Amino acid sequence: MPSLSASHRRPAIVLGLTAAVALTGATYALTTADPGAAYHDQLAAQSKALFGFGQPLDRELDQPSFTGPGDQAVELAGGLTATLVSDKIGEDADMIALWPTDENPTYAIICNEIDGSGAGSPATVQRVRLSDGRVSDMVSGNVSCDPSHRTAWGTIVVGEEAGASGRLYEIIDPLNVTGVTINRATGVTSDPTHVVARTALGQLSYEGVVFLDDGTTYYSDELRPSGGKPGGGIYKFSPSTPWHGSAPISSLAQSPLASGSVAVLRLGSPTRSFADYGQGTNTGTGKWVLLTTPADPVTFNLAATALAAGGYTGYYRPEDMDLDPVAAADGTRRLCWNDTGNDQARQWGETLCLTDTATADTAFPGGYQPVVEPFVIGNPQLRMPDNLDFQPGTGILYLLMDATTSGENAAYTNDQVWACLRDGADPDTLSDGCVRVMNLKDGAAEFTGITFLADGKSFLIHLQHRTQDGRAVDRTTDQILVTG
């Protein structure tokens, strides 16, 4: 199995021009019968310069199963290779947190998206030793453990995509956490020195989570609209004691996630006193509406609280969320997330981006003005986006589809990974183009958990719930390393 230390990583996705895309030498003009198709062809032809890899994949795959090893279960764009890290991870492994750093990781700490609440259930949080693929069980008892992130203050935070009962849990010293169990009703764990529930952030169906260095947290509720009620909201946690340290915390009591306030996003026009919110107002300017935290937040249902506070802006199953590193380097707080949508309804999903700008305008509570803009509009090929990750250095956004494994879209083809350029100087706010990077050969499986290493030249990704018949290790996920 490969070591991911700096001295052993092979160079991979060589970075090229990305920001403002100028297709020099383009062979089409505006009079071309189909300029859109011509532009897409030019993206593929100049993929090495624009995306850093060779020829993108030009079509989907449509095969129901493939039982070979994970490194052979994917089709890759030109110049990329896959190496199997482990085939023994929990069957529904989802997101990945690199430990101890993104620069020189030795472990991947993952969430296993299962119902682990029953006695004898498999572990829901695991660590994978990257040198040899060895898997160790850390925590048991979560339901649908999905997000997994490392914080700036030296902890791991995992969350449950479990409806209104979902929680966040924070883990300190993760290499010395083994066999911890949790009580979901109370949030109490068998080792509160190392693992605690972060009740101050409330309960919802956790998937997309972004932690800023001071502990400010943006997160979404993976909820679909129903019966006229809005779908999942976007929330913002502001810590009572922001973290400004330089060394990791030594106790979970020092974490900025221990206490704070929660606000929900409500889009509407400030010139109309933000009264024009609701169905139909899903992009544009808005405000953060402060929610009342219960005296004992053990049961703090954010969606119900937000509705009781007058309502919020809802989206169709918000999924993973990531901070734009290029914007952050320029001092801009911009984060993007996916809305899955629904293939059966020909609602292909989308990627939206939120810019949260500090302001002295008292019309915006909390001193920040949020603005949401579209970035990628789904289509019959790039559909139902789920996980995502920005490539360090370039800001190219990688999107993972969650399509074929859902009962509502069985008529469509195998899942894929797409790479989307940043928006250039053209008039719109959309990506300057997306190309297909990876195809799954196993139609029963799903890509999850893409996580770039710090240099942007390689990433880890999961092949979740592979076809089980004929596999060497039954009911497991493959973790692979993609390089070039």
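Predicted model: local features only at pLDDT ≥ 70, side-chain atom pairs only at ≥ 80, totals over all residues.

The paragraphs below go from the nonpolar cores to a sheet and then to the rings.

In soluble globular proteins, nonpolar side chains tend to be buried together. Here the largest nonpolar core has 30 residues, and those with the most contacts inside it are Phe-53, Val-74, Tyr-398, Met-438, Phe-447, Ile-461 and Ile-480. Two or more residues of this core come from each of the elements β1 (74-76), β2 (81-90), β23 (397-401), β24 (416-420), β25 (434-440), β26 (446-452), β27 (459-464) and β28 (476-483). Of these, β25 gives the most, with four residues.

The surroundings of Ile-461 can be followed residue by residue. Once its neighbours within four places in sequence are set aside, Ile-461 is in contact with Ile-96, Leu-400, Val-417, Met-438, Phe-447, Thr-448, Gly-449, Ile-450, Asp-478, Gln-479, Ile-480 and Val-482.

Strands of a sheet pair through backbone hydrogen bonds, either parallel or antiparallel. In this model, an open sheet of five strands runs in the order β1-β25-β24-β23-β22, and its pairing is antiparallel. Why is one side of β1 and of β22 (385-390) left without a neighbour in the sheet? Both strands stand at the edges, and each has a single partner strand, so one side of each remains without a neighbour there. On average, and with direction ignored, neighbouring strands of this sheet are turned by 25 degrees against each other. Within the sheet, β24 and β25 pair in the antiparallel sense over five bridges, and Ala-419 stands opposite Val-435 in β25.

With ring centres within 6.5 Å taken as the criterion for a pair, the count comes to eleven aromatic pairs. One of the pairs joins Phe-452 and Phe-459 in an edge-to-face arrangement, with 5.2 Å from centre to centre and 65 degrees between the planes; both Phe-452 and Phe-459 are buried. Elsewhere in the list of rings, Trp-153, Phe-211 and Trp-243 form one aromatic cluster.

Rings also take part in arrangements with charged side chains. The charged end of Lys-236 sits over the ring of Tyr-368, at 3.9 Å from the centre of that ring, while Arg-334 lies over the face of Phe-375, 5.3 Å from the ring centre.

Key: Residues numbered from 1 in each chain as written. Heavy atoms only, no water. Core = buried A, V, L, I, M, F, W, Y, C linked by side-chain atoms within 4.5 Å. Buried < 20%, exposed > 50% of the residue type's maximum accessible area, 1.4 Å probe, protein only. Contact = heavy atoms within 4.5 Å. Pairing = 2+ DSSP bridges. Axes fitted to C-alpha atoms, helices over the stretch in contact; angles between N-to-C directions. Phe/Tyr/Trp six-rings, centres within 6.5 Å; stacked < 30°, edge-to-face > 60°. Lys NZ or Arg CZ within 6 Å of the ring centre and 35° of its normal.
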